Amino acid sequence: MQEDIIPVEIVGLSTSATSGGAFVLVLGEIGGNRKLPVVVGENEATAIVIGIEKKRPPRPMSHDLLCDLMEYAQIEVQDILIDAIDEGTFFAKIRFDQNGHQGMIDARPSDAVAIAVRLDVEILVAESVLDEASIVAGEEDQPITHTPKQTHSPIEKLELKLERAIEEENYEEAARVRDELAKLKI
């Protein structure tokens, strides 16, 4: 049985105050309310932004070079798929067609997204990855109310912290809390 794959779009790319030069790429489910925060390096974030803005530097960047090589080899990228997560590390595939033959190659999600924005191809995420690592947005109208005298379990405290981070659109913090929650629920 084939797993469902969900189309996403880039909804944000911001610096990460706590990750020493890292950035958070936020992918949003098209037609849904789940957001997938992915930590990427500074160089990869720059490559994604240059691709989004359709700028070509005077000398080709690595992702531009790879796209040019694929074109020369008559490889047509169909889409990119973020298909797995293991201990907080995401995995992706670049799916392509070459002269009628379907193939895929392993890639870091940041590199795959940098290629996808250059080639205007769809970005997809496996349902299982969204189920495990996404943050549900859209409940901003629901204020979190509790009295100071309420006592919460460690899991409940983290769930409240997660809700606040989502309300504030602090996806980096939400991802960190999500991972902490996952460790407690094991």
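A residue is taken as buried when its relative accessible area is under 20%, and by this criterion 39% of the 186 residues of the protein, examined here as a predicted model, are buried. The accessible surface of the protein amounts to about 11100 Å², and carbon and sulfur atoms contribute 51% of that area. Among contacts between residues at least 6 apart in sequence, 52% link residues that are at least 24 apart.

The secondary structure of the protein consists of six helices and eight strands, which follow one another along the sequence in the pattern β-β-β-α-α-β-β-β-α-β-α-β-α-α.

Strand 4, which spans residues 75-86, takes part in the two strand pairings described here. With strand 5 (residues 89-98) the arrangement is antiparallel, and 10 bridges join the two strands; within this pairing, Ile 82 lies opposite Ala 92 of strand 5. The hairpin formed by strand 4 and strand 5 has two residues between the strands, and Glu 87 in this hairpin adopts a positive phi near 50 degrees. With strand 7 (residues 122-126), by contrast, strand 4 pairs in the parallel sense, over four bridges, and here Asp 79 is found opposite Glu 122 of strand 7. As a general point, side chains in a regular strand alternate between the two faces of the sheet.

Two buried helical positions were then considered. Ala 47 is located in helix 1, which covers residues 42-52, and its relative accessible area is 0%, which is under the 20% cut-off, so Ala 47 counts as buried. When neighbours within four places in sequence are left aside, the residues in contact with Ala 47 are Met 61, His 63, Ala 114 and Arg 118.

Asp 64 is located in helix 2, the element formed by residues 62-72. With a relative accessible area of 2%, Asp 64 likewise falls under the 20% limit and is therefore classed as buried. Beyond its neighbours within four places in sequence, Asp 64 is in contact with Arg 56, Pro 57 and Arg 118.

Definitions and conventions. Residues are numbered from 1 along each chain as its sequence is written. This is a predicted model: local features need pLDDT of at least 70, side-chain atom pairs count only at pLDDT 80 or more; totals for chains, interfaces and linings use all residues. Side-chain values use heavy atoms; hydrogens and water are left out. Two strands pair if DSSP finds at least two bridges between them. Buried means under 20% relative accessible area, exposed over 50%, partly exposed in between (1.4 Å probe, protein chains only). Contact means heavy atoms within 4.5 Å. Accessible areas come from the Shrake-Rupley method with a 1.4 Å probe; for residues, only the protein chains shown count as cover.
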